Amino acid sequence: DSCCYTTDPTVSRAEIINLKEPEEWKKIPSECEAYESKLPIRDRNGNVLKEYYLLAYRSKDKQEILICRSKDFKDSIVSMKVGKWSDWIIDSIKTEKETVEYAFKMKLLELDLPEKVKIYRTPVHKTTDFTVPKEFARELTSSIGPIFEWTNPADFELGWIDLDTQMEIYEMHTEWIIKAIRFLLKKNDWDLFITQWHPIDYAQHIVFGAIDPGHPDYDPEKADQYWDFLGRVYGLFDTCARLLQGLGLSCVF
């Protein structure tokens, strides 16, 4: 599942991390003030499947985070700045039966050393065997990139992400769906083509209390922000609809 790594113990159901002075790291620049922690990836039973090393550092006016496979400054898989998403991180886990390749993204939401770190991680999703027939997943991934599947509102409701980040998730999900539609429509001849796009449903879960004056959570100062958010989500759906109609298809929504 997705995860929030944070130093803030008040964040519900988050993975709480503790920053400490780095031990046994290689090649950390001498001018850096640095702190380390671990970022585990757990299964739904809480078992650790994989661990990455986090190195948070600052020098002069710059603060960044490195995610590394080992305690080596030069062995980073991604460098992160506040407010920015990582590229796809593609790695693998060895099980008793097989080696499973997976992909995920991360966004650094807060960084204020030496005390505050907050990172959001998307679900760890397989790059193969998620389709029927299962061998098609590899072709899909190699042609249009790893699947960006998760759009559930739970991460926003838990306080892991803000509204802007939720919108970015919808945008990345929609971008992948559009690529998949284009790829599939060109690859096969279709009598009936069905696609399911969920953000409108999930967005309404988020905004209803915020835009309904009769709801106990209604805040008139924030209502316009949530109306704008909902309108932008409908705009994403319009993008999908225009794509299908532009291809000359008869569409039912």
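This is a predicted model: local features need pLDDT of at least 70, side-chain atom pairs count only at pLDDT 80 or more; totals for chains, interfaces and linings use all residues.
Visitor: How many bridges join E5 to E6?
Guide: Four bridges join E5 to strand E6, which covers residues 76-80, and the two run antiparallel; two strands are said to pair if DSSP finds at least two bridges between them.

Visitor: And what joins E4 to E5?
Guide: Strand E4, residues 48-59, is joined to E5 by seven bridges, and these two also run antiparallel. Tyrosine 53, for example, has cysteine 68 in E5 as its bridge partner. E4 and E5 form a hairpin with two residues between them, and lysine 60 in the turn has a positive phi of about 55°.

Visitor: Is E5 largely enclosed or open?
Guide: Strand E5, residues 62-68, is largely enclosed by the rest of the structure, because five of its seven residues are buried. Here buried means under 20% relative accessible area, exposed means over 50%, and partly exposed lies in between, using a 1.4 Å probe and protein chains only.

Visitor: Okay, new topic: where does glutamate 24 lie, and what about its phi?
Guide: Glutamate 24 lies in the loop between strand E2 (15-16) and strand E3 (33-42), and its phi is near 65°, a positive value in a residue other than glycine. Most residues other than glycine have a negative phi, and most peptide bonds are trans. Glutamate 24 counts as exposed, because its relative accessibility is 74%.

Visitor: What about aspartate 129?
Guide: Aspartate 129 has a positive phi near 65°, and this residue lies in the loop between E11 and H1. With a relative accessible area of 37%, aspartate 129 is partly exposed.

Visitor: Which residues does the cis bond at proline 133 join?
Guide: That cis peptide bond joins valine 132 and proline 133, with omega about 0°, and proline 133 is in the loop between strand E11 (125-126) and helix H1 (136-144). Another cis peptide bond joins leucine 113 and proline 114, with omega about 15°, and proline 114 is placed in the loop between strand E9 (106-112) and strand E10 (116-121).

Visitor: What order do the strands of the open sheet have?
Guide: The open sheet of four strands has the order E2-E1-E10-E9, with mixed pairing. E2 and E9 are the edge strands, each pairing on one side only. Strand E1, residues 3-6, pairs with E2 in the parallel sense over two bridges, and tyrosine 5 stands opposite glutamate 15 in E2.

Visitor: Last one: at what angle do H3 and H4 cross?
Guide: The axes of helix H3 (residues 163-187) and helix H4 (residues 199-211) cross at roughly 170° and come within 11 Å. Axes are lines fitted to C-alpha atoms, for helices over the stretch in contact, and angles run from 0 to 180 degrees between N-to-C directions. H3 and H4 are therefore roughly antiparallel to each other, a label for angles over 145 degrees, whereas under 35 counts as roughly parallel, 65 to 115 as roughly perpendicular and the rest as oblique.

Conventions. Residues are numbered from 1 along each chain as its sequence is written. Side-chain values use heavy atoms; hydrogens and water are left out.
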